Amino acid sequence: MTTRIRTLVRNSTRIILAVSPLCGLAMTAPLFATDAGHRHTVPARLVQIVRDATRQFIDVNAAGPAGYEPFLGCVSGPDHGAMGIHYVNGALVGDGEIDATRPEALIYEPSAGRLRLVGVEFIVDAATWLASHPSAPVLEGQSFQLVDAPNRYGIPAPFFELHVWAWRDNPNGAFVDWNNHVTCEGQ
């Protein structure tokens, strides 16, 4: 019975993590982008990997068939900026792995009656990750941030996360959670 409860709690935690917008802070090299046409100057390596891997999701209609589902509507910052609408792939969140070509969440901004891909989020349960790794995840030189529990999203377990603003410039950096150039006003 105890094993079944632990399994249920673990699986529930993974599901909750799969559908949660996340918070943290990381600063790195800036990303330069234009809103129209998705044209960009030379980005950081991880940003380019993410662009190449997610180009197929510029049209939000491609997200569902690939296992990504919307969660919680548009997420705006506690005092500035926003993240947008997260489309989360629960299977990827639950696998305990990090792959630069397979982000756990796609992030869209509502604008003029449509959704525009602006970035991604990599997510991994902290306990799962730390069970087989000595420290927090690092992807192409970018360190993940720990979001402890309790948190503003009601997630009951700590998790690691990393945002990558591959399709929208973030004046604070390509890997910072909140983007002042993203808004929920179009929702």
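**Figure 1. The structure holds one disulfide.** A disulfide here is a pair of cysteine sulfur atoms within 2.5 Å. This is a predicted model, in which local features need pLDDT of at least 70 and side-chain atom pairs count only at pLDDT 80 or more, while totals for chains, interfaces and linings use all residues. Residues are numbered from 1 along each chain as its sequence is written, and side-chain values use heavy atoms, with hydrogens and water left out. The disulfide is formed by Cys74 and Cys184, whose sulfur atoms lie 2.0 Å apart. The link of Cys74 and Cys184 is left-handed, with -80° about the S-S bond. The pair links distant parts of the chain, 110 residues apart: Cys74 belongs to strand E1, and Cys184 to the segment after strand E8 (159-164). Helices (H or I, at least four residues) and strands (E, at least two) are DSSP runs, numbered from the N terminus. Cys74 is buried, with a relative accessible area of 14%, and Cys184 is buried at 18%. Buried means under 20% relative accessible area, exposed over 50%, and partly exposed in between (1.4 Å probe, protein chains only).

**Figure 2. Six strands form an open antiparallel sheet.** The order of the strands is E1-E2-E3-E4-E8-E7. Strand E1 (69-76) and strand E7 (145-147) are the edge strands, each pairing on one side only. Neighbouring strands of this sheet are turned by 35° against each other on average, direction ignored; axes are lines fitted to C-alpha atoms, for helices over the stretch in contact, and angles run from 0 to 180 degrees between N-to-C directions. Two strands pair if DSSP finds at least two bridges between them. Strand E3 (residues 105-111) and strand E4 (residues 114-125) pair in the antiparallel sense over seven bridges. Leu106 stands opposite Val120 in E4. Strands of a sheet pair through backbone hydrogen bonds.

**Figure 3. A search of the whole structure finds two aromatic pairs.** Rings of Phe, Tyr and Trp (its six-membered ring) pair if their centres lie within 6.5 Å; planes under 30 degrees apart count as stacked, over 60 as edge-to-face and the rest as tilted. Phe57 and Tyr68 form an edge-to-face pair, with 5.3 Å centre to centre and 65° between the planes. Phe57 and Tyr68 both lie in the loop between helix H2 (45-54) and E1, eleven residues apart. Phe57 is buried, with a relative accessible area of 6%, and Tyr68 is buried at 4%. Tyr87 and Tyr108 form an edge-to-face pair, at 5.1 Å centre to centre and 70° between the planes. This pair links Tyr87 in strand E2 (residues 82-88) with Tyr108 in strand E3, 21 residues apart. Both Tyr87 and Tyr108 are buried.

**Figure 4. Helix H2 is mostly covered.** Seven of the ten residues of H2 are buried, namely Leu46, Val47, Ile49, Val50, Arg51, Ala53 and Thr54. These buried residues pack against E3, E4, strand E5 (138-139), strand E6 (142-143) and E8. Contact means heavy atoms within 4.5 Å.

Figure 5. Most residues other than glycine have a negative phi, and most peptide bonds are trans. Ala112 is exposed, with a relative accessible area of 78%. Glu140 is partly exposed, with a relative accessible area of 39%.

**Figure 6. Ala131 is found in the loop between helix H4 (126-130) and E5.** Ala131 is exposed, with a relative accessible area of 68%. Ala131 and Gly96 are 35 residues apart in sequence and 9.9 Å apart in space, C-alpha to C-alpha. For the setting of these views, the protein chain has four helices and eight strands, and buried residues make up 48% of its 187 residues.
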